[in-house]
Amino acid sequence: MKIIVVVTFCFFFSILSNAQVGNNAIQQSINNFSSNKELENAAISFMAYDLDSNIVLAEYNHRSAMPPASVVKLFTTAAAFEILGKDYRPKTEIYYTGMIDSSGVLNGDIVIRGLGDPSLGSRFFNDRENADEFLKTWTATIAEKGIKKVNGRVLADGSAFGYDGAPDGWSWSDMGNYYGSPASACAVYDNMTYLHFSTSSQLDAPTYLDSMTPPIPGYTLDNRVTTYNSSRDNAYIYGTPYSYERFAIGNLPRSKSNFEVKASVPDPELLLAQVVQTSLMKANIEVVLPAVGLRTILQEVDTVLNYNKMNLLLINEGKSVEDIAYWTNYRSVNFFAEQLLGLIGYEKTGLGGTSESTRYLNNYWEPRLGLKVYQTDGSGLARNNGFSAYHFIQLLKYMNASKNFKDFEASLPTAGESGTLRSVCRGQAAQGRMKAKSGTMKRIKSYAGYIDTKSGRKIAFALIVNNADLTSYQITKRMEVVFNSMANY
């Protein structure tokens, strides 16, 4: 009789669970959402999970994997908290080779060993006027050592992350723009430069590139950008890593001077060496030979730098994982996500290249989440990432039980209030209750995160849509109905 009672109870519980999934307002809202005519050719994956009761509240194709755009950053930042720890700070080490003679001449090189710090001169951690504070500190330390002349060069070593350039799956149309800045162990100024344009008062007229900040020696731009009737930047820069020949298309507003367009840096390793050398020269410390990056040297001769035989000048500690992860999710900074990915790979495998780092990350998550993971970059810019709503629910469940949960959740924007979710559900039920990461690319719109319901429950959710016949604004408005249904649960 006991067996019959248990079986009957389990059967009843199964029916009850299915009824909850089938009849609640959340399931009805996702069913209505998916029935939109504009979504008839779209791929949709959705799941809502009650973290307090450990039950599925609603789902729609929850196992269907597809590229989710920037929501991939949840996997990257969660891994950074779990593997590196929130207090981990990437470093940059400065050495010199050779000897300093009695007249202050260094018969050797200044060597910068980059270990993946993304905060050097970053606009997220420095005001524009203070972006070079790290250079002043480094230059002062070199001067205090009594060095008045470098009878050699400034050499930057970014080999810790390798030299593969952009991750596999990145688009040609992204890599020349600031949001397509790839990772580098020697990173500086967010691996980004400002292009300063002046524009005519005439419509459809040519524009002119006046200057760059920072200036990049050898950078050339085939400028095909014209003026149009808008106040927005609609210019796109095309170019690949390590290529200094770039071209620009699109439009900029009329009658502007010093209009800034942000572009990626071709070779951050070399640029870091160059700006350090410029800083030394401004402080009247002569450097005889041109600045160089290790990648350039390796193209000519196989070289291994032995830091045990060098003299350490200083160690520069960057911002913490907690600080970097905050901006990664709050403002969806692709560059920071790629740097975090590289830091994980470097610390755990000795090389922070994208392929090594994603291989480690996928192997890390799979046994912990109990499913196959297909992550191919850190930011979600690659279109060969493959994630379903179920992937994100498993991650969000895992992090909800982690000691790092408070800091992880704090990095997420709040609906209607902050970051990339500032305009989502503003004045609606989910405002202030939904903390999530958004993802937006051409024909992709995604959200995943947590919702604290009006009844006091906590829901983990993910909604991914590919190939909808809607603008980003239109599809977000339809998604808000689903978000509000969860907030009202």
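The buried residues of helix α7 are V321, I324, A325, W327, T328, N329 and Y330. Buried means under 20% relative accessible area, exposed means over 50%, and partly exposed lies in between (1.4 Å probe, protein chains only). This is a predicted model: local features need pLDDT of at least 70, side-chain atom pairs count only at pLDDT 80 or more, and totals for chains, interfaces and linings use all residues. Residues are numbered from 1 along each chain as its sequence is written, and side-chain values use heavy atoms, with hydrogens and water left out.

**Helix α7**
- Helix α7 spans residues 321–330 and is mostly covered, with seven of its 10 residues buried.
- Helices (H or I, at least four residues) and strands (E, at least two) are DSSP runs, numbered from the N terminus.
- The buried residues of α7 pack against α3, α8 and β19 (434–441).
- Contact means heavy atoms within 4.5 Å.
- Just after α7, S332 has a positive phi of about 55°.

**α7 against α8**
- The two helices pack at an angle of about 140°, and their axes are 8 Å apart.
- Axes are lines fitted to C-alpha atoms, for helices over the stretch in contact, and angles run from 0 to 180 degrees between N-to-C directions.
- α7 and α8 are therefore oblique to each other.
- Angles under 35 degrees count as roughly parallel, over 145 as roughly antiparallel, 65 to 115 as roughly perpendicular, and the rest as oblique.
- α7 passes α8 in a left-handed crossing, meaning that the near helix is turned anticlockwise from the far one by less than a right angle.
- V321, I324, A325, W327 and T328 of α7 make the contact with F336, A337 and L340 of α8.
- The residues of this contact divide into seven nonpolar, one polar and no charged.
- Ala, Val, Leu, Ile, Met, Phe, Trp, Tyr, Cys and Pro count as nonpolar, Asp, Glu, Lys and Arg as charged, and the others, Gly among them, as polar.

**α3 against α8**
- Helix α3 (residues 73–84) and helix α8 (residues 334–349) pack at about 40°, with axes 10 Å apart.
- That angle makes α3 oblique to α8.
- The crossing of α3 and α8 is left-handed.
- The residues of their contact divide into nine nonpolar, three polar and three charged.

**Cysteines**
- The structure holds zero disulfides, a disulfide being a pair of cysteine sulfur atoms within 2.5 Å.
- C186 counts as buried because its relative accessibility is 1%.
- C425 is buried too, at 0% relative accessible area.
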